[in-house]
Every structure is written in structure tokens, then in C-alpha cells.
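Okay, thanks for coming, everyone. Let me put the structure up and then talk you through it.

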Amino acid sequence: MSVENAPVVDVDEAAIPVEKKMYYRFESNDKKEFRVSELAIQQSETLNRLVEAMGYTSEDVENKPAIAIENIDGKTLKLVFQWCEHHKGEAIPVDDGSVPKIVEIPEFDAKLMDIDNGLLFKLIWAADYLNIVQLLNVSCKKVANMAQGKTPAQLRRVYLLPSDEEDEAAKRAAQEAQDPRAREVEEEFEERKRQGGNSFF
Amino acid sequence: MAEESFPLLKLPVDVTKHVVQCMPDIERVIFSFCSKRMKPMAVSPGVRPRSFFVTIGENCEVLHEETYRDVNWDLDYYTGEEKVRVGPFMNGRGTPIIWDQPGWSMAERFNHVCDLFPNIETDKLSFYSDTFDLNLLPLFRFSDVSELSLPETMENSSFNVELLNYFKKVDRIEICCIRFGSDTEIDSILTRNLHMLSIQRYFEINFEELLLINSRYVYLSNPDLTGKHINMFLKMWMSGSNPQLRYFRFFLDDLMELEDFDCILTGTNFQTLPDTEESQYVDSDGDIVTIHGGIRIRNKDGIKGIVEFKENYYKIEFIVIDD
């Protein structure tokens, strides 16, 4: 039917049912429960896919058990959902591959992440696991900011990075653990050297 | 108070890399020096505007400005032989960070920094000192060296000639140093098929040598050149010489007498263009430039050239225009 021929009908707007906001229930690995709006969930690609696949109705979300998130504790999940609720409806940024990544930390996020590094670590881990792109960006930026004004030695201390020597030692230890005979041969070689022998074979 | 630590490597590898990619260029370069394992995380693909410097030891400085990389060799950057210094270029934020990188040669440190920006295709090299051991050059992994600059402080002619001969593939040469002892070496530079050749006042060439120049864009400052020489040069271009030439800028002696200018176009068939007439050409950096008016001449093949006198006649530009 063409637009011109479509019937014109007067609509009583008050009669249109307002779509009810749906709140999903999630449970952390330490049994803390959270109610999160549908719009906030869209910030997490993982949770968004999960609830879409479940196809819950508003009755289901009330009557069925809370959706378990087994890898994340309540303290961390609280921060994650606070962030998602604050940023609900915002566009999810697309990574254009540029380096350095240009990330600004908004005031709300800065306050939210005013936490110890242990909890910040868990927050980043959760943002990655739940695929919350912008939360991952800002939390990674917070960690990146720790590098400002530091030398390589200071960075190794801040980020607990092994030096080349420590990496080499760890590699040797791993090789020896894999092949105990190699260690025996090396010890035998060292012993003969100590005894003044100049030929191993 | 002890500084709080963060177990960066306990994050998933992609996330660790994400953190490093959120660091500004300066911090990322410094991070790359933490260990061999960290270096690949700090690599920055693509060519993007940047603004920082890395000083390597006492003699080498790598400047990243916009999308270009300049490598300068100087006598002493006062950093210390085993040091690396990284800081903002010009008026950037913060102060430079300096540290010891013992056991790393200058070439190792230089190559390390270059590896972090793999898509920078060309380097511009400037030597301000002849203290550099040229035998070490093969150890440095330069990108294609497109431009070589020899400033006026470079007084060691054999060093300069050796450099020019080592970097045979450079496309742009800027010579401000004194003239080489050997005429043969001078001829070999002038006859190179370069994109750009800039010869400044201390490197004096005569008119016969001027005619040898085989570059597309030429910048020449030479007090010995007169209006008569330019007149002869233009006449030779009109008769078919220097077919490669796209642009020639002469800086003349500011004591040249005014009547000297009168002879620049003597005996040539020229036409003075009104200022309303626009002509366009592509400059040595590839940008399109529009000029107004000027004096038009043509060569034997009908190709148009425009002569412009600028800044009280002490600068003369000759531009070949593609119709």
C-alpha cells in the first residue's frame, strides 16, 4: 500500500502501554546480588549477549534465580555495575588501532577508581572478562599513568617487571624442570670444572 | 613511603599490551627499555604526529617531530656515554627522564628506539660533528635515509665526502659546510639526480659547476653569482638544458648593484604576467603552491617557466609550471 493510500487513524497516546524498564539480577562469586538496568547491561558485550540469549521476560528476571558471575567478587562487581549505570546509553568506543590510545578519565570514573591497586587489578580483569570497552580503556589508562616520570628501573618496581637476567633465570629454571637430566649434566660439568678437568667427555 | 606496585604481567597479555598502548610516547619508549620481553609491547605501528626526543649517549639524538624522524650527531649532548634521555620536544610537558643503560652500545640503543616505530620510512640525518666513527655506520639500522644535512660546523672535508658517498641513495642533500678540496667530489654531488639540493654560502660553486646541477629542486646561496650568470642559466634552460629542474631559488649577494638585475632577462623572450594571473606548482614537500603574476618564459619545447623577484630582488625564484 502506498503512503498516500494508508488509512489515517487518530491515536489515543495515553492508551499506549509504556514499556516497563527491566532490571536483571546478577550474583557475584561471594553471593552478593545486584539489580542492573537493561540499558546499563548494554555497556558489557558479554552480559548483553548472555541476556539476549536467555530471552528473559520481566517476570523471568524476578522469578528465576539471579544470573551467576562466578569469576568476579561482589566488591568488584559493585564497581562494574556502578560504572555501567553511570554510563548507560553512551556509545561504545571503537578502537582505531592508534598508539598511543587517547583516553580521558572523566571525574566520575576517577572517583570510582580511587581504590587500591589490588581492587584496580580486579576491576580491569572484570572489565576485560565482561568486555566493557570504555571501562577497560579508563582503567588501563589509570595504570598507564603510573609510568609518568619514571626510569626503566622505577617502572620495573612499580609494575613488578622482571629484568632480562630474571627472565633468563626463570627460563633456565623452567627448562631444567622440564628436563631433570639437563640439570644433572650441568652440575656434573660444573663439578669437573671445579676439580680442574678441562674436558668433560 | 613505599610506592604501591601493580602486577602488570598478571593481567591477560592483551590487557597488559592495552595498558602500555595507553602510555604516551615518552613513557612507552622508557617502558620498552625495562627488558627485552617488554619491548614488543611498546612497538607503535603506523605513522602519526609525535613530539619527543631520545638522546643516546653523548653524540646522538633522535627527534620525532610530527610524522618525521631526524637523527642528529653532535659533539656532546652532556648526557654521559651510557645514558639514555627521553623528553618532550620543544615546549612539551614535563622534564626529560635520564637513566643509565650500561652494556648497550650506541647502535644497540639507537636500533632499539627505531624498532619501536617500524612504519617510519625515512630518516633525515644531520651531522654537526666529525667525531663519529664512520666505520660504525653499518651497525645502525636506519630507515631509508632520504635527507642528509652537513651544517657549516662540518669542516672535515674527507669526513663529509665519506658520508655523502656512504649515503648514496639520499634524495635530499643540504650542504652548508665549506667547499671540498676535490673538484671531482664536488662534481659527483652536483650531477646526482636528487629531489632536492640546497647549497648554502660557505660551499661556493662557480658558474660551470652550477650548470652541472641535475636536481629537481635547487636552493642556492652564493655571493659569486651575478645577474649575468642567472641570465645565462635561464637562456640555457630555454634552449633545453636542465630538463629535470622544477624549482630554482637563488639567494643573491645583497650588495649586488641594481643594474645587475636589469640583465637577468636580457635577450630572452619573456612576458610580464598581471598579478591576477595565477599559476600553480608542486613544492619540494609535495604541497601545491599558488603564485600570482611573475615573468613568463618558455623553453624550446614550449614548457613554461616563471621568474619571480622577491624581497628587494635578493631572492629570485624560477619555477617550472606544468600546463
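So, to start: how many residues of chain B are in contact with how many residues of chain A? It's 36 residues of chain B and 37 of chain A, where contact means heavy atoms within 4.5 Å.

Quick housekeeping before I go on. This is a predicted model, so local features need pLDDT of at least 70 and side-chain atom pairs count only at pLDDT 80 or more, while totals for chains, interfaces and linings use all residues. Residues are numbered from 1 along each chain as its sequence is written, chains are lettered from A and ligands numbered from 1 in the order in which they are written, and side-chain values use heavy atoms, with hydrogens and water left out.

Back to the interface. Which three residues supply more of chain B's share than any other three? B:Phe6, B:Cys22 and B:Cys34, which together give 20% of the area chain B buries against chain A.

On the polar side, there are 11 residue pairs in polar contact across the interface, both residues being at pLDDT 80 or more. A polar contact is a pair of N or O atoms within 3.5 Å; within protein, one has to be able to donate a hydrogen and the other to accept it, and residues adjacent in sequence count only if both atoms are side-chain atoms. By class, the side of chain B that touches chain A has 20 nonpolar, 5 polar and 11 charged residues.

As for elements, helix H1 (13–22), helix H2 (25–32) and strand S5 (97–100) of chain B each give two or more residues to the side that touches chain A. Helices here are DSSP runs of H or I with at least four residues, strands are E runs of at least two, and both are numbered from the N terminus.

Now chain B by itself. It has 8 helices and 15 strands, and its C-alpha trace spans about 80 × 45 × 30 Å along the principal axes. Buried residues make up 52% of its 323 residues; buried means under 20% relative accessible area, exposed is over 50%, and partly exposed is in between, with a 1.4 Å probe and protein chains only.

Over all chains the structure holds 24 salt bridges. Take B:Asp115, which bridges to B:Lys39 with the closest N and O atoms 2.9 Å apart. B:Asp115 sits in helix H3 (residues 106–115) and B:Lys39 in the loop between H2 and strand S1 (50–56), so the pair ties together parts 76 residues apart in sequence. B:Asp115 is partly exposed at 24% relative accessibility, and B:Lys39 is partly exposed at 22%. B:Asp115 also bridges to B:Arg141, at 2.6 Å between the closest N and O atoms.

Buried or exposed: which is it for B:Glu317 and B:Arg249? Both are buried, and they form a salt bridge with the closest N and O atoms 3.3 Å apart. B:Glu317 is in strand S15 (residues 315–321) and B:Arg249 in strand S11 (residues 247–251), so this pair ties together parts 68 residues apart in sequence.

Last stop, chain A. It has 10 helices and 3 strands, and 37% of its 201 residues count as buried. One residue to look at is A:Gln43, in the loop between helix H1 (38–41) and helix H2 (45–54) of chain A. A:Gln43 is buried, at 4% relative accessible area. A polar atom of the A:Gln43 side chain lies 2.9 Å from the backbone oxygen of A:Glu90. And A:Gln43 is 90 residues from A:Val133 in sequence, yet 7.7 Å away in space, C-alpha to C-alpha.

Notes: Buried area = accessible area lost by both parts, 1.4 Å probe. Nonpolar A, V, L, I, M, F, W, Y, C, P; charged D, E, K, R; others polar. Salt bridge = Lys/Arg side-chain N within 4 Å of Asp/Glu carboxyl O.
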